Structures are given as structure tokens and as C-alpha cells.
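Dear colleague,

I am passing on the structure we spoke about, and would be glad if you could look it over alongside the notes that follow.

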Amino acid sequence: MNIVLLGYMASGKSKIGKELAKVLSYEFKDLDSCIEIAEGKSINEIFNKSGELYFRKKEKEYLKSLLKTSNNSIISLGGGTPCYFNTMEELLLNNDLTTVYLNVSIPVLVNRLKPEMYKRPLIAHIKTDELLREFIGKHLFERAPFYNQANVKVNANGAVEDIIKDIVINLF
């Protein structure tokens, strides 16, 4: 069985995924890292050179491939992955995995994203905290219908250890 972590950027999918994989003795796989390795470019470079639509199509292809070759893995998705090309619907129909939504509040997301905005193609252009807060709020509103379909939903505002305990309790 695979566990697929989803949520907004900076919700902790990679950090929590790595720790959860250790706790469960699973393998950890990060979709964005797989894409960067396969494409030989950073996500930023892919966005800037080929555009978001190209990236989203490639993201879907790499996810399908990753799911076919994974077993007992924690798979961390990109923030937008479940929101395009019926991906969330397909994840929910896959009996070999469980989806987990890491739900984080807007103020916590703003604090986590502020220091690394330049690395995030969707927010690199935003100039103020208020504009970042507005952008995240709008984006979360658009993505919530996808995220909220996850099999398991956990509050991911707290400490990593607490979040992992919550996930494990909800999974087993």
C-alpha cells in the first residue's frame, strides 16, 4: 500500500513524508524531485521555459509512472497535482493507496513560504505579506474541493511528531 501526501505548498509534504517513511519503514518518493531528475531541470526552470500547462501534463505522466512502480511508499505530491486532469479522482479510485491531506492554516503557510518565495514559481512575483496572504487564500479556496476529498485529513500546523502520530492513528 502507498500513502500519498497532498496539500498546499509548504504544508510539509516532503518533511513529514520523509519522517513518516522512517516510522513505517516505507520508501519516500517526492514527485517534484522525480520530475526534476527526469527533466534535468528545476521545477522553476520547467515553469519558466515551458509554462504551467506543460508542467502539469508532465506531472501527471510522472505520477502515473511513480504509482505503477511503487509499493509501500510515501509519495509526496506537488501542491497543484491533485487539481488537474482528474488526478484526484484517479487517486481515489486506486485501491492500492490512501490519500492524506495535510491541512495548514493561511498564517502558518505565509510564515513558511515567505523565506523561500523566490524558489516557488507560483509566488515568486508577490511583493508583500498581504498579497501573499491573499494569493494563498484564493488558491486554497480553489483547491479545497480537491484536497478535501482525501481519505484522511490532518491538521498540519503543529510539530512533525504530532502530525505523524495523527496520520498513523487515522491510517491504522
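From the N terminus on, the order of elements in the protein chain is β-α-β-α-α-α-β-α-β-α-α-β-α, which amounts to eight helices and five strands; helices (H or I, at least four residues) and strands (E, at least two) are DSSP runs, numbered from the N terminus. Please bear in mind that this is a predicted model, in which local features need pLDDT of at least 70 and side-chain atom pairs count only at pLDDT 80 or more, while totals for chains, interfaces and linings use all residues. Residues are numbered from 1 along each chain as its sequence is written, and side-chain values use heavy atoms, with hydrogens and water left out.

On the overall form, the radius of gyration of the protein chain is 15 Å, which agrees with the value near 16 Å that a compact globule of 172 residues would have; the radius is taken over C-alpha atoms, and the globule rule is 2.2 Å times the number of residues to the power 0.38. Along the principal axes, the C-alpha atoms fill a box of roughly 45 × 35 × 25 Å. Of the 172 residues, 45% count as buried, where buried means under 20% relative accessible area, exposed over 50%, and partly exposed in between (1.4 Å probe, protein chains only). Among contacts (heavy atoms within 4.5 Å) with a separation of 6 or more, 73% are made by residues 24 or more positions apart.

Turning to the strands, β1 (residues 2-6) is mostly covered, with five of its five residues buried: Asn-2, Val-4 and Leu-6 point one way, Ile-3 and Leu-5 point the other way, and all are buried. Two strands are taken to pair if DSSP finds at least two bridges between them. On that basis β1 pairs with β4 (residues 97-103) in the parallel sense over five bridges, with Asn-2 opposite Leu-97 and Leu-6 opposite Tyr-101. Strand β1 is also joined to β3 (residues 73-76), again running parallel, by three bridges, and here Val-4 stands opposite Ile-75.

Strand β4 has six of its seven residues buried, so β4 is largely enclosed by the rest of the structure. Four bridges join β4 to β5 (residues 152-155), and these two strands run parallel; within this pairing, Leu-102 has Val-154 as its bridge partner.

Tyr-8 sits in the loop between β1 and α1 (13-24) and is buried, with a relative accessible area of 2%. Tyr-8 and Leu-102 are 94 residues apart in sequence, yet their C-alpha atoms are 7.8 Å apart in space. Leaving aside neighbours within four places in sequence, the residues in contact with Tyr-8 include Gly-79, Leu-109, Phe-135, His-139, Arg-143 and Tyr-147.

The other is Arg-56, in helix α4 (residues 52-68), which counts as buried at 5% relative accessibility. With the neighbours within four places in sequence again set aside, Arg-56 is in contact with Phe-47, Gly-80, Thr-81, Tyr-84, Phe-85, Leu-122 and Arg-143.

With best wishes
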